[in-house]
Amino acid sequence: VIALLLLTSCATVRVNSDYDKKVDFNMYKTYAFLKSGIDKVQISDLDKRRILSAIDAQLQTKGFTKSENPDMLINFFTKEQEQVNVNNYGMGFGYSWGWGFSPFYGGTYVNRYTEGTLFIDLIDAKRNELVWQGQGVGVLTQNADKKDALINDFVTKILAQYPPEQKK
């Protein structure tokens, strides 16, 4: 039960974003990827293509068009960190069916996993300034069959926060 709770609590992507409050995001209609920035990302080319494809799909769903002369440039970068959860459980005395009153002993459960962070930057192409940044944090997998779904989940949840709700 403890393991299941730990795995399900780690399975979701936590997201947040930040943006320049002086920018009118309605003026951005076209985009291109910032190749010089993406080339520096230290992940496999397969994962880069997965991320680029997921970003393309999400931006097109939002009505953006890929362009040679874009309004905004898209960059992304990643971080990963090993996580270790140590949980101690139970120790004491109690009544057990079939055993009567007896001591029961606990133990320690150790869960190791890799937590990844994906940052997506939206840069004003004319001013070359960062105007929006989204961040997603979640548990990574090495299972190739699950990577597409995981990356799509990260990108979808991050870009769900774009454009930001601005008060007028």
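This is a predicted model: local features need pLDDT of at least 70, side-chain atom pairs count only at pLDDT 80 or more; totals for chains, interfaces and linings use all residues.

Q: Which residue does the side chain of R50 meet in a salt bridge?

A: R50 meets the side chain of D47 in a salt bridge, at 2.7 Å from N to O. D47 is buried too, with a relative accessible area of 14%.

Q: Where do R50 and D47 lie, and how many residues apart are they?

A: Here is the general idea. An α-helix has 3.6 residues a turn, so residues three or four places apart point the same way. In this structure, R50 and D47 both lie in helix α3, three residues apart, which is about one turn of the helix.

Q: How many residues does helix α3 have, and what span does it reach?

A: Helix α3 runs over residues 45–61, which makes 17 residues. From its first C-alpha to its last it reaches 24 Å, close to the 24 Å expected at 1.5 Å a residue. After α3 comes G63, whose phi is positive, near 95°.

Q: Which residues of α3 are buried?

A: The buried residues of α3 include I51, A54, I55 and L59, and also D47, K48 and R50.

Q: What does D47 touch, leaving out residues up to four places away in sequence?

A: On that count, D47 touches K147 and I151.

Q: How many salt bridges does a search of the whole structure find?

A: The search finds 10 salt bridges. One of them links D39 and K35, with the closest N and O atoms 2.7 Å apart. Here D39 counts as partly exposed, at 46% relative accessibility, while K35 is exposed, with a relative accessible area of 56%. In another salt bridge, the side chains of E129 and R127 meet at 3.2 Å, N to O. E129 counts as partly exposed at 37% relative accessibility, and R127 counts as partly exposed at 40%. Salt bridges can also share partners: in this way D47, R50, K147 and D148 are joined into one network.

Q: Let us turn to strands. In which sense do β7 and β8 pair, parallel or antiparallel?

A: Strand β7 (residues 107–124) pairs with β8 in the antiparallel sense, over 10 bridges. To see the pairing on your screen, find F119, which stands opposite Q135 in β8. β7 and β8 form a hairpin with four residues between them. In the turn, N128 has a positive phi of about 55°.

Q: Which strand pairs with β8 over six bridges?

A: That is strand β1 (residues 14–19), which pairs in the antiparallel sense with β8 (residues 129–139).

Key:
Residues are numbered from 1 along each chain as its sequence is written. Side-chain values use heavy atoms; hydrogens and water are left out. Two strands pair if DSSP finds at least two bridges between them. Helices (H or I, at least four residues) and strands (E, at least two) are DSSP runs, numbered from the N terminus. The expected span of a helix is 1.5 Å times one less than its number of residues. Buried means under 20% relative accessible area, exposed over 50%, partly exposed in between (1.4 Å probe, protein chains only). A salt bridge is a side-chain nitrogen of Lys or Arg within 4 Å of a carboxyl oxygen of Asp or Glu. Contact means heavy atoms within 4.5 Å.
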